[in-house]
Amino acid sequence: MYYDSQAPVTSIGEYLNEIIRITQHDNEGHPYLQWYRGHADKEWELIPKVQRNFAGSEEDLFRRERYYTNDFQARASVFKSPALPIDEYANWLTLMQHYGLPTRLLDWSRSPLVALYFAVSDKSQCDKDGCIWMLTPGKLNESQRLEKPSKVDGKEYDNVYIYNTKHKTIATMIYPAFRRWKFSSLPEAITPEDRKFDHRFNDLKDKIAACYPTESDSRVYNQFAAFTVHNSIKKLADICNNSTLHRITIPYEYKDNLLYELSICGITQSYIYPDLEHLANEIKNWYP
């Protein structure tokens, strides 16, 4: 179960103080890396878009997901030149996430201020308490045991890393979003590489992992982007403990003040979305 902070957050100062208070430290006193995600409504579930408003089996969910991804791949070449190679699944999934297709990726930010912007800027949710989800990605990956420990000279060492989306571990978790895996019906056609992939494929079923994007543009850079990839219908809020996942409530009556304080810090619409359309919207809002 996650840790639900009850601290009042009426200003950026109080918000950052609560983050500092919550942040865990290792045995040597070093703070753990933290990621953040802002929700305009604290009651929204912490699940990727492909799982929202879906009630069915895991197989039904993954089948629907494959319809999304394969249709997108088939038709996107009209708009993207040169087209991505068909088997660069990590890049494809990042592109789909970027343009709003429901995927198994959930967006996070390494910046608490960027996350706060998403929690307070949605005017359609101005009467709802928002929240910031705060994740310790290293502890998540440790709990999921993505890699087996190594044994050296009789001593066991954990292998806990935060990979990017192209790493073989994350790529294996992304593969089911595009293809169903099974051995060839001809035993003589099964290669050692097939057997190795099958082992990893099954070992990483039902896992959720923290990872970094590989595709880089100004939006990814400014938003300090990171992901969790959900090769499971389990929910983060159910699998994490109170040292791995935290929630900080943002009272609705302070959203406007927090948005103003963020603008003083340079966290504005055109910073979050660095393009001419959002710059124009920002200027219109400054001079109504």
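Asp203 forms a salt bridge with Arg200, with the closest N and O atoms 3.6 Å apart. A salt bridge here is a side-chain nitrogen of Lys or Arg within 4 Å of a carboxyl oxygen of Asp or Glu. The model is predicted: local features need pLDDT of at least 70, side-chain atom pairs count only at pLDDT 80 or more, and totals for chains, interfaces and linings use all residues. Residues are numbered from 1 along each chain as its sequence is written, and side-chain values use heavy atoms, leaving out hydrogens and water.

Asp203 and Arg200 both lie in helix H7, three residues apart, about one turn of the helix. Helices (H or I, at least four residues) and strands (E, at least two) are DSSP runs, numbered from the N terminus. Arg200 counts as buried, at 16% relative accessibility. Asp203 is partly exposed, with a relative accessible area of 26%. Buried means under 20% relative accessible area, exposed over 50%, and partly exposed in between (1.4 Å probe, protein chains only).

Lys148 also forms a salt bridge with Asp203, at 3.4 Å between the closest N and O atoms. Lys148 lies in the loop between helix H5 (137-144) and strand S5 (150-152) and Asp203 in helix H7, so this pair ties together parts that are 55 residues apart in sequence. Lys148 is exposed, with a relative accessible area of 52%.

The whole structure holds 15 salt bridges. In one of them, the side chains of Arg21 and Glu18 meet at 2.7 Å, N to O. Both residues lie in helix H1 (residues 12-22), three residues apart. Arg21 counts as exposed, at 51% relative accessibility, whereas Glu18 is buried at 5%.

Aromatic contacts were searched as well. The structure holds 13 aromatic pairs. Rings of Phe, Tyr and Trp (its six-membered ring) pair if their centres lie within 6.5 Å; planes under 30 degrees apart count as stacked, over 60 as edge-to-face and the rest as tilted. The rings of Tyr175 and Phe197 have centres 5.4 Å apart and planes at 75 degrees, so the pair is edge-to-face. Tyr175 lies in the loop between helix H6 (168-174) and helix H7 (192-203) and Phe197 in helix H7, so the pair ties together parts 22 residues apart in sequence. Tyr175 counts as buried, at 17% relative accessibility. Phe197 counts as partly exposed, at 22%. Trp181 and Phe197 form another edge-to-face pair, 4.8 Å centre to centre with 70 degrees between the planes. Tyr175, Trp181 and Phe197 belong to one aromatic cluster, which also includes Phe183.

Arg195 lies over the face of Phe183, at 5.8 Å from the ring centre. Arg104 lies over the face of Phe62, at 4.7 Å. A charge sits over a ring if NZ of Lys or CZ of Arg is within 6 Å of the ring centre and within 35 degrees of the ring normal.

Strand S9 (residues 225-231) runs antiparallel to strand S3, and five bridges join them. Two strands pair if DSSP finds at least two bridges between them. Leu106 stands opposite Thr228 in S9. Strand S8 (residues 207-212) is likewise antiparallel to S9, joined by five bridges. Here Cys211 stands opposite Phe227. Seven of the seven residues of S9 are buried. In S3 (residues 105-109), four of five are buried. From S9, Ala225, Phe227, Val229 and Asn231 point one way, and Ala226, Thr228 and His230 the other.
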